[in-house]
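Subject: Structure for you, with notes

Hi,

Here is the structure I promised. My notes follow below it; please read them alongside the coordinates.

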There are 4 protein chains.
Amino acid sequence: MQFDELNVAVREFCESRDWGQYHTPKDLAIGLVTESSELLELFRFKDRTEQLELLAESEKREDIEDELADILFFLLRFADLYDIDLEAALEQKLEKNGKRYPENEYKGSNEKYDE
Amino acid sequence: MQFDELNVAVREFCESRDWGQYHTPKDLAIGLVTESSELLELFRFKDRTEQLELLAESEKREDIEDELADILFFLLRFADLYDIDLEAALEQKLEKNGKRYPENEYKGSNEKYDE
Amino acid sequence: MQFDELNVAVREFCESRDWGQYHTPKDLAIGLVTESSELLELFRFKDRTEQLELLAESEKREDIEDELADILFFLLRFADLYDIDLEAALEQKLEKNGKRYPENEYKGSNEKYDE
Amino acid sequence: MQFDELNVAVREFCESRDWGQYHTPKDLAIGLVTESSELLELFRFKDRTEQLELLAESEKREDIEDELADILFFLLRFADLYDIDLEAALEQKLEKNGKRYPENEYKGSNEKYDE
C-alpha cells in the first residue's frame with residue numbers, strides 16, 4: 001500500500017463507523033499525543049540496551065508496531081479530514097530544516113534536530 | 001512522493017548530519033510526543049469553531065502543517081531505523097480494530113476509536 | 001499533609017527502592033508526560049457532559065485521582081531531586097502571567113492562559 | 001506557601017480572568033500534557049551529563065522552573081475545580097504502589113515505578 005491507499009482505508013474505516021463527529025482537530029491531536037505517549041511509556045526508565053531488547057522481543061515489538069500504527073492512523077486521518085498534503089508538508093519541512101541545520105556544520109557536531 | 005521516497009529523503013537528511021547517534025527508540029518517541037503536543041497546544045482552550053478558524057488562517061495552517069510534518073518525520077525515522085513496516089502495521093491494526101469495533105454496532109452509536 | 005511532608009514521603013518511597021539511578025531529569029519529565037497523557041486519554045472524544053459524567057462515576061473518578069497522584073508524585077520527585085522550590089516557582093509564574101494577562105483586559109474576553 | 005494557599009492563589013488568578021469557562025477536565029488535562037511536554041523537550045536528545053548541565057545554567061534552569069510551575073498550576077486548578085483531594089490521592093497511591101513494588105524485592109533490582 002501507499003499513502004493514497006492507506007488514506008482511503010483509514011477514511012472508509014472511520015466513515016463506516018460514523019466517527020467524523022468525534023474527529024475535531026483537537027481530538028485528533030489528542031489521539032496523536034496519547035498514542036505517542038503510549039509508545040514512549042514502553043521505553044520509560046530504560047537505557048539504550050534495554051530499549052533495543054524490547055525491539056527484539058516479539059510481543060513487545062508488536063506493541064511498538066501497534067502504537068506506531070495508531071500514530072499513523074491519526075496522522076492520516078487528520079490530513080485527510082482537514083485537507084493537508086502530508087508529503088508536500090514534509091518536503092517543505094526538510095527544505096526548511098536543511099537551511100537551519102546545514103550539513104557541514106552539523107556533521108559530527110553535537111547538534112541535532114531540535115525544533 | 002510515496003512512503004519509500006519519503007523514507008529515503010528522511011534517512012539521507014539524518015545520515016548527512018550524523019544524527020543516528022541521538023536516535024534511540026526513546027528519543028524518537030520523545031520526538032513524536034513533543035511534536036504532537038505542539039500540534040495539540042495550537043488547539044488548547046479552543047472550541048470547534050475556533051479550531052476550524054485556525055485551519056483557515058494561512059499562517060496558523062502552516063504551523064499545523066509543520067507540526068504534522070515533524071510527526072511524520074519522526075514516525076518514518078523510527079520505522080526506518082528499527083526496521084518496522086508501517087503500512088503492514090497499519091493494515092494489521094485496522095483489521096484488529098475492525099473486529100473490536102464492528103461496523104454495525106458502532107454505526108451511529110456513541111462509541112469511538114478508544115484504544 | 002503539606003508539601004514538605006509529601007516531599008518526604010515521596011523521597012523515602014523512592015530511596016527505599018533505590019530508584020534514584022533511574023530518575024534523570026529526562027525520565028522524570030517522561031513520567032510527567034506519560035501520566036498526564038493517561039489522564040487526558042480518559043477524556044478523549046468526550047464532550048463536556050461526558051467529561052463531567054466520568055468525574056461522577058466512582059470507579060472512573062478513582063482513575064482520575066490516580067493519574068493526578070502520579071503527576072504529583074513525579075512533580076515532587078523532580079523538584080526534590082534537582083532542588084527546585086515549587087512554591088516559589090509558582091508564585092513567580094503567577095506574577096509573570098499576571099502582567100501578561102492583565103485582569104481588566106482579560107475579564108470576560110476570549111483570551112486565556114495560553115503559554 | 002502551602003497547598004491551601006497556593007490553591008487559593010491559583011483560584012483567584014483564574015476567577016479574576018473568567019477562565020472557568022475554558023477549564024473543562026479535558027482542557028486542563030491538555031494543559032498538563034502540553035506543559036509536561038515542553039519540560040521534556042528541553043531534555044530531548046540530551047544525555048545525562050547534558051541534562052545536568054541544563055539544570056546548572058541559570059537561564060535554562062529558569063525555563064525548567066517555569067514549566068514545573070505551569071504543571072503545578074494546572075494540577076492545582078484541576079483538583080480545585082473538580083473537588084479532588086490531591087494529598088489524599090497521593091497518600092493512597094503510595095500505599096497502593098508500596099504493595100505493588102515491595103521494598104525488599106525492588107531494593108537494588110532493575111525494576112522501577114512503571115505504571
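Chain D can be laid on chain B by a turn of 180 degrees and a shift of 0.0 Å along the axis, with an RMSD of 0.0 Å. That is the relation of a two-fold axis. The superposition is by least squares on the C-alpha atoms of residues with pLDDT of at least 70 in both copies. Ser37(D) is the residue of chain D that comes closest to the rotation axis, with its C-alpha at 3.3 Å. Of the interface residues of chain D, 100% are also interface residues in chain B, so the copies meet through the same surface.

Before you go further, the ground rules. This is a predicted model: local features need pLDDT of at least 70, side-chain atom pairs count only at pLDDT 80 or more, and totals for chains, interfaces and linings use all residues. Residues are numbered from 1 along each chain as its sequence is written, chains are lettered from A and ligands numbered from 1 in the order in which they are written, and side-chain values use heavy atoms, with hydrogens and water left out.

Chain A next. Chain A has six helices and zero strands, taken as DSSP runs numbered from the N terminus (helices H or I, at least four residues; strands E, at least two). Along the sequence the pattern is α-α-α-α-α-α. Chain A has 115 residues, and 57% of them count as buried (under 20% relative accessible area, 1.4 Å probe, protein chains only). Take the contacts (heavy atoms within 4.5 Å) in chain A between residues at least 6 apart in sequence: 60% join residues at least 24 apart.

Now the interface of chain B and chain A. On each side, 75 residues are in contact with the partner chain. The two chains bury about 7000 Å² between them, 66% of it on carbon and sulfur atoms. That is the accessible area (1.4 Å probe) lost on being put together, summed over both.

Six salt bridges cross this interface (a side-chain nitrogen of Lys or Arg within 4 Å of a carboxyl oxygen of Asp or Glu). The side chains of Lys96(A) and Glu62(B) form a salt bridge, at 3.7 Å from N to O. Which helix of chain B supplies the largest share of the side that touches chain A? H4(B) does, with 15 residues.

Best wishes

Terms used: Buried means under 20% relative accessible area, exposed over 50%, partly exposed in between (1.4 Å probe, protein chains only).
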